[in-house]
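Dear colleague,

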Amino acid sequence: MADYFSKMNEDYVQKHFPDGSVFKGTMKTVKRGSAIGFVLFGLFFAGALYGLVWGIRRTLQFISDGEDDMLSVGIVICGFFGVVLLVSLIILFFLVKGMRQKQDDYIAASAKSSKLPVSEIETFERQAVASDCYILKLTSGLDRVLSNAAHKDGLLTRDYIFLADPAQTVMRVDSLKACCFGDYTYYINTGKIHKKIHSLVVYLIASNGASVLSDTTEEAGRALMALLKQRNSAIDTNEGNVLPESAFDSYKDRVLGVR
């Protein structure tokens, strides 16, 4: 179990939560990524703007030279650069919006995703930096590297669990209805190859209807189930079986007593 879970320590807090806040750490990570994205898409925007101006000039030149047969070519060029310019502008808008978000915005977004009041999210933050908090390392290798979460590790505090999903969902351990394995699929496209990839995940479902999933190894997932069952024996683990992706909604309804 020590391979997957470790207790919070001062070095980890200083590295990941230097201001004692999980969501401030998230904010800094997102802003750093947004700043890099802003530079990259800023270059796309500048290139597209230059291309659009050049295309307009060429189209006007075709008109003045009476080259009507080239007019459609000029329009296509202008249209292409116009679309690239518009897409770049939209992406830049959202990147700037992300860079301007404050810590309170992240806490509010987490509360909405978690279906919990802001006060509980703030309590989770205080517990997250305490010495009795567990750091959850559910993934390793390429799965860990490719994770799109702001934090690579989950957190299990005295009262809450946080799997560091992009929506920043926090759940009360005493409200968990299920912790089980699931099969999550996605597709990759590399040239002519269109391949379906299966990934092992762990699902959490809370009594308020909030749910979250995280990539996991089988060993780490089973260790997490055992740890959570020690705190809340009513948690359903689907007997350790892997839940098909298509069966998740019906499983969720069942554990929540919807039908």
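Which residues does Asp183 touch, if those up to four places away in sequence are not counted? Before I answer, please keep in mind that this is a predicted model. With that said, the residues that Asp183 touches are His198, Ser199, Tyr203, Val242, Leu243, Pro244 and Glu245.

Five strands form an open sheet in the order β1-β2-β3-β4-β5, and their pairing is antiparallel. Its edge strands are β1 (5–7) and β5 (170–172), each of which pairs on one side only, and from one strand to the next the twist averages 25°. At the β5 end, strand β4 (residues 160–162) is joined to β5 in the antiparallel sense over 3 bridges, with Tyr160 standing opposite Arg172 of β5.

Helix α7 (residues 218–231), for its part, lies across β1, β2 (134–136), β3 and β4, and runs at about 55° to β1.

Within the sheet, I would draw your attention to Leu156, which lies in strand β3. Leu156 counts as buried because its relative accessibility is 0%, and buried here means under 20%. Leaving aside neighbours within four places in sequence, Leu156 is in contact with Asp132, Cys133, Tyr134, Leu136, Ile161, Val173, Leu227, Leu228 and Arg231. The C-alpha atoms of Leu156 and Met171 are separated by 9.7 Å, the two residues being 15 residues apart along the chain.

Finally, there is a feature of the surface to report. Phe38, Val39, Leu43 and Val96 make a nonpolar surface patch of about 350 Å², and the largest share of this patch, 3 residues, comes from helix α2 (residues 22–64). Val39, for one, has its place in helix α2.

With best regards

Note on methods:
Residues numbered from 1 in each chain as written. Predicted model: local features only at pLDDT ≥ 70, side-chain atom pairs only at ≥ 80, totals over all residues. Heavy atoms only, no water. Pairing = 2+ DSSP bridges. Helix = DSSP H or I, 4+ residues; strand = E, 2+ residues; numbered from the N terminus. Axes fitted to C-alpha atoms, helices over the stretch in contact; angles between N-to-C directions. Contact = heavy atoms within 4.5 Å. Patch = residues over 30% accessible without salt bridge, like charges linked within 9 Å, V, L, I, M, F, W, Y side chains within 5 Å. Areas by Shrake-Rupley, 256 points an atom, 1.4 Å probe, with all protein chains shown as cover. Salt bridge = Lys/Arg side-chain N within 4 Å of Asp/Glu carboxyl O. Buried < 20%, exposed > 50% of the residue type's maximum accessible area, 1.4 Å probe, protein only.
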